[in-house]
Amino acid sequence: MKILSFRLQGKMAHFRRYYSNSSALSYTVPPRTTVAGMVAGLLGYPRDSYYGIFSLDHCRVALMNGSPVKKQMQKMNLLMIKSPNDLNGSQDFHSQTPTELVIPQDIRKGFLDYRIWFYHKDPGIMDELEHLLKTARPGYCSRGVSLALGTAMHLGWMIFDGATAGKEVVPAGPVPVLSVIPMPKLERIEFGESPVSYRLIREELPLEFDGDRLATERGKADMLISLTGSPVTARVSSAVMLDDGTYITWME
């Protein structure tokens, strides 16, 4: 299968957890639903019109946290906006909301680096997306919204790594997996004879929404995420082997 690979980069991100209210908590990596929304926005799909097009039946997404990250809580002074005239802060009602930000380990010199692998059964969508991603400069060529890492204030940029080939495999033994690993596919983490240092977390990420923006029956799953960006040597029930010999697992 043909797979497109690109990177989402920026200084800060906030991928709001759908169930958070008074405190705006963030996922560590962009959920599959967020990646699908970004791709749909770049292709110019109207809001809420693309859930079926990028469902688990038609689209595959894998994601790698490519650089060490951490989280930090900041209080955001949110404005009450009822009309464009209120953007100057003239409304009386402000709300100080604790907001969790995802930032690089060294925010002065580093940046967030999420590597995405994307596949769609529709060759037309694959060709259109590849055409948009093939730019002579780092950035993006969007037919719709501009690119942000979560909320609009966290602007980012996109770098196209190119197209690659991959095939579904059932590894006979432990393999180094670059991407986040769905917990249902994880059988065992292998440390080997030499000590290996991992910084791993487990998060439940949304994968798929229906037309009412509600998670489907298979629309959530626990994922194993490496916070350092290093691959995890593990036994998995299924994986995708890319043409360079590396392994990823789809978020499903």
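The model is predicted, so local features need pLDDT of at least 70 and side-chain atom pairs count only at pLDDT 80 or more, whereas totals for chains, interfaces and linings use all residues. Residues are numbered from 1 along each chain as its sequence is written, and side-chain values use heavy atoms, with hydrogens and water left out.

I begin with the helices. Helix α1 spans residues 32-43 and helix α2 residues 123-133; helices are DSSP runs of H or I with at least four residues, and strands are runs of E with at least two, numbered from the N terminus. The two pack at an angle of about 75°, with their axes 10 Å apart. That makes α1 roughly perpendicular to α2, a term for angles of 65 to 115 degrees. Axes are lines fitted to C-alpha atoms, over the stretch in contact, and angles run from 0 to 180 degrees between N-to-C directions. V39, L42 and L43 of α1 meet I125, E128, L129 and L132 of α2, contact being heavy atoms within 4.5 Å.

I turn now to the pockets. A pocket is an open set of points on a 1 Å grid over the protein atoms alone, where a 1.4 Å probe fits, with protein on both sides within 12 Å along at least five of seven lines; lining residues have an atom within 4 Å of a point. The largest pocket has a volume of about 1,000 Å³, volume being the space filled by probe spheres set on the points. Of its 36 lining residues, T34, G37, R47, Y50 and G150 are the closest to its centre. Helix α1 gives the largest share of that lining, nine residues.

The second largest pocket holds about 220 Å³. Its lining includes H14, R16, M76 and H154.

Terms used: Parallel < 35°, antiparallel > 145°, perpendicular 65-115°, else oblique.
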